[in-house]
Amino acid sequence: MAGSEEINANESKMVVPLTTWILISNFKLAYNLLRRPDGTFDRHLAEFLDRRVPANSTPINGIASFDILISSLLLRLYFPSDTPTLPDFSNPLFRHPFPVILFFHGGSFAHSSANSAIYDSLCRRLVHHCSPAVVISVNYRRSPEHRYPCAYDDGWTALQWAYNQAFLRNSPNSNPNIFLSGDSSGGNIAHHVALRAAATSNIILSGNILLNPMFGGQCRTPSELKLDGKFFVTLKDRDWYWKAFLPIEADRDHPACNPFGPNSVPISGLPFPKSLVIVAGLDLTHDWQLRYVHGLKEGGHDVKLVFRESATIGFYLLPNNDHCHVVMDEIRNFVSSNCH
């Protein structure tokens, strides 16, 4: 099975609700249409297939949203509200400490956007569970048109902007409680933006929340060999996305892919934030995610692992399974414990 494009649909159906199976299977069908063997990508078709929703300044279920452009970077902001009038963004949104979650959507660096319907719903769910909270979803540039480090640079731009906004601080003299978060490639971006903040700035982060973060390396791990093609994902898929994202001629031991690999920069001694890492046991790359957790611990950093043995990729996208509810509770507790 290693390196094939075959997906075992029956095994996937046995471990996820039908609605989740339909959702992810449709994603996989679309993704297979968009990737070309020569490494190019059908962006026009991708934009056509991506179901998007507009921002809503009129609150929906107590949550409002609006879009803002920072240079050419689109950010979508979500916050609790009971009025269609936007707040005064020159003053604190709340007068007590509140979390600001800077969120990076998944899609293996190539798919989806900040206004994709599935991520709009997830960001609203984060506001609801961590309320009162602000979520800022980052519409970073995607590969293969925009390779490494474009997505990281966009994340850094978004973080610098958020850190300097008066309305995201509970008082003029306080620092904002910013958490970086993302799933799949978004989790990878969150790590690397946090690393840049720790290594090159005085920005203090409250925490990192990584959902099935996309990491890898040159060698094949037991989970990759065992789960190749069994639960929505194949190694051939993953290899294509890394080749499309990494610098030309780079291999998967590049630090962007393998943050604790042979070419990585040690992070011990850096003021790296506390981390909550969510790992699905049926994600074929979960060995790399566990190595990531081990690397943080070896570097002396605070990290909590939540390992859901029977969960697949994307289990958090629909609130129709126990894994999703447990993880949302973990996120809420992590955020409340580190918001000061």
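These are my notebook entries from a look through this structure, which is a predicted model.

**Entry 1**

I began with the UniProt record. An unreviewed entry there puts "domain: Alpha/beta hydrolase fold-3" at residues 101–316. I checked what the model has over that stretch: residues 101–316 are 34% helix and 15% strand.

I found Ser184 in the loop between strand 5 (177–183) and helix 6 (185–200). Is Ser184 buried or exposed? Ser184 counts as buried because its relative accessibility is 11%, and the cut-off for buried is under 20%.

**Entry 2: the largest pocket**

Next I looked up the largest pocket, and its volume comes out at about 500 Å³. I see 29 residues in its lining, with Phe27, Leu49, Asp50, Arg51 and Ile118 nearest the centre. Helix 2, helix 3 and helix 4 (117–130) each give two or more residues to that lining. Which helix gives the largest share? That is helix 2, with eight residues.

**Entry 3: a nonpolar patch on the surface**

Leu49 turned up again here. Together with Leu29, Leu33 and Phe48, Leu49 makes a nonpolar patch on the surface, and the four have about 460 Å² of accessible area together. Helix 2 (18–34) and helix 3 (43–49) are the elements that supply two or more residues to the patch. Leu49 itself belongs to helix 3 and is partly exposed, at 40% relative accessible area.

**Entry 4: salt bridges**

I get 16 salt bridges in the structure.

- Asp42 pairs with Arg36 at 3.7 Å. Arg36 is partly exposed, with a relative accessible area of 34%.
- Arg52 pairs with Asp50 at 3.0 Å. Arg52 is partly exposed at 34% relative accessibility, whereas Asp50 is buried at 18%.
- Lys304 pairs with Glu330 at 2.8 Å. This pair links distant parts of the chain, 26 residues apart: Lys304 is in strand 8 (residues 303–308) and Glu330 is in helix 10 (residues 322–337). Lys304 counts as partly exposed, at 40% relative accessibility.

Where are the cis peptide bonds I noted? One runs from Ser131 to Pro132, with omega near 0°, and another from Ser143 to Pro144, with omega near 5°. Pro132 is in the loop between helix 4 and strand 4 (134–138). Pro144 is in the loop between strand 4 and helix 5 (150–163).

I also noted two positive phi values in residues other than glycine. Asn61 has phi of about 50° and lies in the loop between helix 3 and strand 1 (63–70). Ser108 has phi near 60° and lies in the loop between strand 3 (99–104) and helix 4. Which of these is buried and which exposed? Asn61 is exposed, with 78% relative accessibility, whereas Ser108 is buried, with a relative accessible area of 6%.

Definitions and conventions
Residues are numbered from 1 along each chain as its sequence is written. This is a predicted model: local features need pLDDT of at least 70, side-chain atom pairs count only at pLDDT 80 or more; totals for chains, interfaces and linings use all residues. Side-chain values use heavy atoms; hydrogens and water are left out. A salt bridge is a side-chain nitrogen of Lys or Arg within 4 Å of a carboxyl oxygen of Asp or Glu. Buried means under 20% relative accessible area, exposed over 50%, partly exposed in between (1.4 Å probe, protein chains only). Helices (H or I, at least four residues) and strands (E, at least two) are DSSP runs, numbered from the N terminus. UniProt positions are given in the numbering used here, feature names are shortened, and annotations may be inferred rather than shown by experiment. Patches are made of residues with over 30% relative accessible area and no salt bridge: like charges are joined within 9 Å, nonpolar side chains (Val, Leu, Ile, Met, Phe, Trp, Tyr) within 5 Å. Accessible areas come from the Shrake-Rupley method with a 1.4 Å probe; for residues, only the protein chains shown count as cover. On a 1 Å grid over the protein atoms alone, a cavity is a set of points where a 1.4 Å probe fits but cannot get out, and a pocket is an open set with protein on both sides within 12 Å along at least five of seven lines; lining residues have an atom within 4 Å of a point. Grid points are joined across faces, edges and corners, and a volume is the space filled by probe spheres set on the points.
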